[in-house]
Amino acid sequence: MTTGAPAFTFIFPGDPETLTGGYTYGRRIVESCRASGVDVTVIALPDGFPEPDETVVSQSRHIVSGIPDGTLVVFDGLAFGALPDLAADHGKRLRFVALVHHPLADETGLSPEAQKRHFERERTSLTHARCVIVSSPFTKIRLQDFGVDPEACFVVEPGIDDAPFNDVRPAPPHPRLLYVASLTERKGHLDLFKALQSLQRDDWSLNIVGPDDLSPEYGTKVLEAAKPFGEKVRFHGALPEAALADLYRSADLYVSPARYEGYGMALATAVVYGLPIVAVNGGAVASTPAGKAARLVSVDDIHGLAQALQQAMKDPTERARLSQQSRAARMLLGGWMEAGQDFLTALRTVGSDT
């Protein structure tokens, strides 16, 4: 048993088994805390966040109303930031801890009106949290714009699962690229396709893994944009861990064109396998161990992304350099049990209700 570790309830914004980084973070934190002997109750709200309709809001209110007074409640920010009235109504009787992966207003593709709406909702919700947990120092700094006290904001970076380093092929005749991300605008798939179109070679292949139903309109655009590449680009949808691990093991290069990341768990996994990484430096990426190991290019620099990919595929020296940087960065990443302990340390600061 973990001495002094508080029991808590963890609220997911929909199906906890959803295969994205944020949901994986929540699942693994819950597993790690339970493995330490902590009693964790999991509650799943209806799907529909971060833009819940009246039915989802009503159902969420009913669910949260059933939580006993004084309960320590970790509330995933995808829902918490979208429910300011609920947060206000229950903020005194429940001990809310907000888990923020990245601010909702920072999602790519929002209209100015939507950005303002998300900002105001989340800023209000966060005033009712006893503390806030984030996955990167970058997000901790960003949340100061929302009025979050840095002294009440704790960084708990995601853990990793260990795996053997890949053998790096010095000059792969048919480079195998991998990108793991949901088909949402923030993830930059269309930017990647523009860069690939300008390459001076066509002997590569690209595996794309991630849910394709979170943003149907954007997903349709991505699938349409990939058609000129034919079988060179393959979409796998969301994959279970074992199947995804097989793709990491077979990859020659990991590429991340994401325009914004609150951390970048898939990048960290690429580091675990010692893969050379080319990435866009959106959001928190440049400040993470994986980002520091990668060849970084700026958001909107399609030409720079194409050049970085070209060099990483053809230049054995560049590939070896990037791979070595990933292997070194691996030493800076902790496991999920360590992340769970850090999470519990943050929860202990909340104390008991009085």
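At what angle do helix α1 and helix α14 pack, and how far apart are their axes? Let me start there. Residues 21-35 form α1 and residues 336-348 form α14, and the two pack at an angle of about 80° with their axes 8 Å apart. That makes α1 roughly perpendicular to α14. On the α1 side the contact is made by Tyr25, Arg28, Ile29, Ser32, Cys33 and Ala35, and on the α14 side by Trp336, Met337, Ala339, Gly340, Phe343 and Leu344.

Quick housekeeping. This is a predicted model, where local features need pLDDT of at least 70, side-chain atom pairs count only at pLDDT 80 or more, and totals for chains, interfaces and linings use all residues. Residues are numbered from 1 along each chain as its sequence is written, and side-chain values use heavy atoms, with hydrogens and water left out.

On terms: helices (H or I, at least four residues) and strands (E, at least two) are DSSP runs, numbered from the N terminus. Axes are lines fitted to C-alpha atoms, for helices over the stretch in contact, with angles from 0 to 180 degrees between N-to-C directions. Under 35 degrees counts as roughly parallel, over 145 as roughly antiparallel, 65 to 115 as roughly perpendicular, and the rest as oblique. Contact means heavy atoms within 4.5 Å.

Now another pair, α7 (residues 189-197) and α8 (residues 216-226). Their axes come within 10 Å and cross at roughly 10°, so α7 and α8 are roughly parallel to each other. From α7, His189, Leu190 and Phe193 meet Tyr218, Lys221, Val222, Ala225 and Ala226 of α8.

Next, α13, residues 316-330. Which residues of α13 are buried? They are Glu318, Arg319, Leu322, Ser323, Ser326, Ala329 and Arg330. These cover an arc of only 130° around the axis, which puts them on the same side of α13; the arc is that of the directions from the helix axis to the C-beta atoms. Buried here means under 20% relative accessible area, exposed over 50%, and partly exposed in between (1.4 Å probe, protein chains only). On the face turned away from the buried side of α13 sit the exposed residues Thr317 and Gln324. The cover over the buried residues includes α10 (265-272), β11 (277-280), α11 (289-293), β12 (295-297) and α12 (302-314).

That brings in α10 itself. Seven of its eight residues are buried, so α10 is largely enclosed by the rest of the structure. After α10 comes Gly274, with a positive phi near 70°.

Let's look at some loops. Asp252, between α9 (241-250) and β10 (253-256), is buried, with a relative accessible area of 3%. Leaving aside neighbours within four places in sequence, its contacts include Arg169, His174, Arg176 and Arg319. Asp300, in the loop between β12 and α12, is exposed at 56% relative accessible area. Its phi is near 75°, a positive value in a residue other than glycine.

Pro50 lies in the loop between β2 (40-44) and α2 (54-65).
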